[in-house]
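Please read the following walk through one protein chain with its sequence and coordinates at hand.

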Amino acid sequence: MTHFSVVQTDIHPAPYVAATGSARSAQILARLVRERCPGNAFGIREGAAFGGPKSNGFIRDCARSLEVQRIAAEELFAEADENPDQLVKWHVYFYDAGTGKFRFTVNAYLDHDLPVRAKCEADPELVGRTVVYGDPPTMETLYLMLDAFAAKQEATA
């Protein structure tokens, strides 16, 4: 069984926070701990980082809290049909500048990258979003998604 670790990425070397059995559960834990410990940044790594430096005890306790574990389990259960392998979640954002050759643009960010996602969701040019599970979407995949989105937007205009 492959383990995935949540690590605190704003400190070098990134200290261990928690370990789980799937990439998606680690990602959910990283996001939930970030929400509860503002000012800290968390990421995920493949493998169990038990032997490395440990993060602050409060942060580790937060990741293991009943509340965080319950929310993570509920999210995994809610996504079970569309993400049965518990792969990493990417948010894909589509923007419409209104004019020009490059009117529509696209970006993709990891679910636990909260500051960047907040900026994307506050962008007045944001006109659509979708979710992709798995490996990072390639530029080719993003452009195909963008072409399909742009065609749909123009067909409804």
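Helices (H or I, at least four residues) and strands (E, at least two) are taken here as DSSP runs, numbered from the N terminus. The model is a predicted one, so that local features need pLDDT of at least 70 and side-chain atom pairs count only at pLDDT 80 or more, while totals for chains, interfaces and linings use all residues. Residues are numbered from 1 along each chain as its sequence is written, and side-chain values use heavy atoms, with hydrogens and water left out.

The protein chain contains five helices and six strands, and, read along the sequence, these elements follow the pattern β-β-α-β-α-α-β-β-α-β-α. Taken along the principal axes, the box filled by the C-alpha atoms of the chain is roughly 55 × 30 × 25 Å. Of its 157 residues, 42% count as buried, where buried means under 20% relative accessible area, exposed means over 50%, and partly exposed lies in between, with a 1.4 Å probe and protein chains only. If contact is defined as heavy atoms within 4.5 Å, then among contacts between residues at least 6 apart in sequence, 65% join residues at least 24 apart.

Two backbone features deserve a look. Most residues other than glycine have a negative phi, and most peptide bonds are trans. The peptide bond from H12 to P13, however, is cis, with omega near -10°, and P13 has its place in the loop between β1 (4–8) and β2 (16–20). Q86, although not a glycine, has a positive phi of about 55°; this residue lies in the loop between α3 and β4 (89–96) and is partly exposed, with a relative accessible area of 28%.

Two packed helices are described by the angle between their axes and the distance between the axes. Axes are lines fitted to C-alpha atoms, for helices over the stretch in contact, and the angles run from 0 to 180 degrees between N-to-C directions. The axes of helix α1 (residues 23–36) and α2 come within 9 Å and cross at roughly 125°. That angle makes α1 oblique to α2, since angles under 35 degrees count as roughly parallel, over 145 as roughly antiparallel, 65 to 115 as roughly perpendicular and the rest as oblique. The contact is made by L29, V33 and R36 of α1 together with I59, C62 and A63 of α2.

For helix α2 (residues 57–64) and helix α3 (residues 66–78), the axes come within 5 Å and cross at roughly 45°, and these two helices are therefore also oblique to each other. Here C62, A63 and R64 of α2 meet L66, V68 and Q69 of α3.

R60 is likewise found in helix α2, and, leaving aside its neighbours within four places in sequence, R60 is in contact with Y16, V17, K54 and S55. The C-alpha atoms of R60 and V6, which are 54 residues apart along the chain, are separated by 9.7 Å.

How many disulfides does the structure hold? The number is zero, a disulfide being a pair of cysteine sulfur atoms within 2.5 Å. C37 is in no disulfide, and the nearest cysteine sulfur, that of C62, is 4.3 Å away. C37 is buried, with a relative accessible area of 4%, and C120 is buried as well, with a relative accessible area of 7%.
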